[in-house]
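Dear colleague,

Please find the structure below for your records. My notes on a helix pair and a sheet follow it.

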Amino acid sequence: MRSFTLTAVLVAAVATSGAVWAGDLPSPRLFDTEKDKGTNVLVVGIDRRAGMSAEEIKRLHVGGKGCDCTDVMMVVHFAGNGERMSVVSIPRDSYVEFADHAHPQHSGKINAAFAHGGSDLAVRTVQQATGLKIDHYLEADFTGFVNTVDSFGGAKVCTDKPMQDINSGLALQPGTHTLDGRRALRYVRTRHVSPPGDLGRVRRQQRLLVEMLSRLRAEGAFANPVAAMETATKLRKSVRADANTSLTDLVHLGALLRGLKADQTEFATVPISNFDYRVPEWGSSLLWDEQRSVALWAALREDRTIVGDSRIRPSNDVPVEFPPSSIRLRATDAAVAAALRANGFVVEDTGAQIDEPRPEGPTVITYDPFWDRYAATLQAAIPGSELRPVDGHGDIFDVQVGSRANTVVKVVHDRSSVEGAPVQGDRLRCLPPANAPQE
């Protein structure tokens, strides 16, 4: 079963200037850091249940067999000038070549590098795949995540639709919620809500992280040495670091994070070209988009921003998960129908006059709930439209254009950018109430 995220590990291990850590992990083979090119931290979460009691496994809703592998991987890059933090999530099923180890040269899912050779091989495999120098390594487990969230009084999340996932145990109604550690763990583990899969899950992890960092900064959790030490005291058992990461290193990282606002952080997921790359013995895996991933890692190596780089995200059009050509529809307005057809959608010619009077209200898209994921692609092309699922509606979408119809916007089939495109952290925060002061 897929496991948790290291969302709070950044708070637990990087945001503090006095963390206490195990220091007994194998020491990764690290390079000397070029300080003017920034600092890179590999943050991982281990899918392991060893040492957990049956009662604790049940309480945290983390049943299943652990793989002793990295369920979560994040490369955190701190800019050399201290004015930017870039977080890039590496999906666990990424198919890469492993760094040299005891086995003959081979490739596989990146999460298995830890299972084959511990933190040393995990670090060296990430370095080989990305070309980055990893300066520090941090890891945590289920309990560390839960304890971190609880020690800070919970984590804020928001959703505009119900979120229900029996696998993770998540149950949230629309709105803004403050979750305790146990419920936050369910939130960051869930994969069976919209948007589904690992990219949606990773983006939810990133959203929670932004909210936690913003709140801690506002509350002064690491505003001065005394506050930082109090924060560290709460977190001393949550994080494990490699032997090459000293207290001085953590003090330096904490100082970097202390001055960053949400708009000085950026988040992305490695661009994927094939979401179902079949490999004998490994099954379905993810293949990185060669050109875009190379550009992403090059930006971090060169200490540049990853937001707005056309080599990483080639188009500024609205990204959608499915190609418009895979969606058949009817529309009640000739101009809207023509715009959708020009966008690549398959618009049926009904043979009848379609310039009907527009009813009051928004444009409504009626469809069979079987096509839920495709409906999001059509809705993205008509901002402000409302979805109306109707059982038995068939395989065609009906677009009833309302009086409040907006202009049809250009969409592009780019699944990696739907939830994984590089964005500034302030774009991932919950919207504040009307007239509320913003950070």
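This is a predicted model: local features need pLDDT of at least 70, side-chain atom pairs count only at pLDDT 80 or more; totals for chains, interfaces and linings use all residues.

Helix α4 (residues 142-151) packs against helix α5 (residues 181-189) at an angle of about 120°, and their axes lie 8 Å apart. The two helices, α4 and α5, are therefore oblique to each other. The crossing of α4 past α5 is right-handed.

On the α4 side, the contact is formed by F142, F145, V146, V149 and D150, which meet G181, R182, A184, L185, V188 and R189 of α5. Sorted by class, this contact of α4 with α5 comprises seven nonpolar, one polar and three charged residues.

Helix α5 is largely enclosed by the rest of the structure, because seven of its nine residues are buried. The buried residues of α5 are G181, A184, L185, R186, Y187, V188 and R189.

Five strands form an open sheet in the order β17-β16-β20-β18-β19, and their pairing is mixed. At its edges are β17 (346-347) and β19 (386-389), each of which pairs on one side only. Within the sheet, strand β18 (residues 364-367) pairs with strand β20 (residues 397-400) in the antiparallel sense, over three bridges. In this pair, I365 stands opposite V399 in β20.

With kind regards

Definitions and conventions
Residues are numbered from 1 along each chain as its sequence is written. Side-chain values use heavy atoms; hydrogens and water are left out. Two strands pair if DSSP finds at least two bridges between them. Helices (H or I, at least four residues) and strands (E, at least two) are DSSP runs, numbered from the N terminus. Axes are lines fitted to C-alpha atoms, for helices over the stretch in contact, and angles run from 0 to 180 degrees between N-to-C directions. Angles under 35 degrees count as roughly parallel, over 145 as roughly antiparallel, 65 to 115 as roughly perpendicular and the rest as oblique. A crossing is left-handed if the near helix is turned anticlockwise from the far one by less than a right angle, and right-handed if clockwise. Contact means heavy atoms within 4.5 Å. Ala, Val, Leu, Ile, Met, Phe, Trp, Tyr, Cys and Pro count as nonpolar, Asp, Glu, Lys and Arg as charged, and the others, Gly among them, as polar. Buried means under 20% relative accessible area, exposed over 50%, partly exposed in between (1.4 Å probe, protein chains only).
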